[in-house]
Amino acid sequence: MTSPHIDISPDPEALAQRVAGWICELARAASGSFTIALSGGSTPRRLYQILAGAAFREAMPWDRIHWFWGDDRFVPWDHPDSNYGMVRAALLGRVPVPPGNIHGIPTTGTPADAAAAYERVLKSYYGSESLDPTRPLFDIQILGLGPDGHTASLIPGTSVLDARKRWVAEVIGGRPEPRITLTYPAIESTRHTAFLVAGADKRETLSRALAGDQALPAARIRPVGELMWFVDEAARPQP
């Protein structure tokens with residue numbers, strides 16, 4: 001892993017535009033299949049809307065990109081709280097993505113059933129039962145930062161933080177609803193990891209994460225590739 005890079009934008013809109021350009025550039029430069037793991041949240045939602053706009057809709061190699069999710073609530077895909085549903089409405093339902101390239105987290109059976117099913121999806125796509133540091137699972141991983149320092153559904157105080165053999169796990173507790181999340185090993189198997197952080201309410205948490213405060217799940221992310229923090233001016237840590 002290289003040292004994290006901090007990229008500052010003046011406001012959330014400029015941040016979303018900046019990340020859209022970054023994603024498009026990486027996807028166009030790659031050959032063959034390209035994998036992106038998505039995040040929920042308001043800042044990523046604007047990013048997805050921009051990618052679905054005319055400029056990027058014409059530029060992105062949609063037929064080569066496979067879409068995965070870093071986490072989701074254990075609710076039906078048409079539920080208002082579904083990350084899958086949000087991304088479908090903002091992006092994937094508006095661009096020419098082959099249906100077979102969209103890999104949403106299952107929401108049937110129990111949360112444990114859904115986590116096991118998604119792990120099978122990832123391993124089938126990857127073509128192996130174990131992760132090779134020289135061959136990352138994802139090309140891009142989009143992550144957010146919660147006020148409590150969580151990212152994906154790696155929530156403080158939950159057992160998922162200690163999951164090192166599983167790629168996907170159910171999260172019971174810490175939030176009102178069960179969630180399904182990628183674990184640290186799967187999240188860290190990424191060529192380009194991007195945290196999107198906007199708003200003054202995130203400044204203190206961001207400062208702690210960048211300082212490596214291990215009480216924050218986000219601060220423990222150690223990807224095999226590049227680590228980017230895309231931040232707006234309001235969230236910029238004070239010197």
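Helix axes here are lines fitted to C-alpha atoms over the stretch in contact, with angles running from 0 to 180 degrees between N-to-C directions. With that in hand, welcome to this structure, which is a predicted model.

Let us start with α2 and α4. Their axes come within 7 Å and cross at roughly 35°. On the α2 side, the contact is made by R45, Y48, Q49 and L51, while α4 brings M86, V87, A90 and L91. Sorted by class, this contact of α2 with α4 has 6 nonpolar residues, 1 polar and 1 charged.

**The largest pocket**

Two or more lining residues come from each of α2 (42-51), β4 and α4 (83-92). Which element gives the largest share of the lining? That is α2, with 4 residues. By class, the lining of the largest pocket divides into 8 nonpolar, 11 polar and 6 charged residues.

**An open sheet**

Strand β4 also leads us to an open sheet. Here 3 strands are arranged in the order β4-β7-β6, with antiparallel pairing. The edge strands, each pairing on one side only, are β4 (71-73) and β6 (168-171). On average, neighbouring strands of this sheet are turned by 15° against each other, direction ignored. Helix α5 (residues 111-126) packs on the sheet, where it touches β6 and β7; the direction of α5 makes about 160° with that of β6.

**A buried strand**

Now for β5, which covers residues 138-143. Is this strand largely enclosed or left open by the rest of the structure? It is largely enclosed, because 6 of its 6 residues are buried, where buried means under 20% relative accessible area. Strand β5 has pairing partners in β2 (residues 34-38) and in β8 (residues 190-197).

**Strand pairs side by side**

| Strand pair | Sense | Bridges | Residues standing opposite |
|---|---|---|---|
| β4 and β7 (residues 179-182) | antiparallel | 3 bridges | D71 and T181 |
| β2 and β5 | parallel | 2 bridges | I36 and I140 |
| β5 and β8 | parallel | 5 bridges | L143 and F195 |

As background to the table, strands of a sheet pair through backbone hydrogen bonds, either parallel or antiparallel.

Note on methods
Residues numbered from 1 in each chain as written. Predicted model: local features only at pLDDT ≥ 70, side-chain atom pairs only at ≥ 80, totals over all residues. Heavy atoms only, no water. Pairing = 2+ DSSP bridges. Contact = heavy atoms within 4.5 Å. Nonpolar A, V, L, I, M, F, W, Y, C, P; charged D, E, K, R; others polar. Buried < 20%, exposed > 50% of the residue type's maximum accessible area, 1.4 Å probe, protein only.
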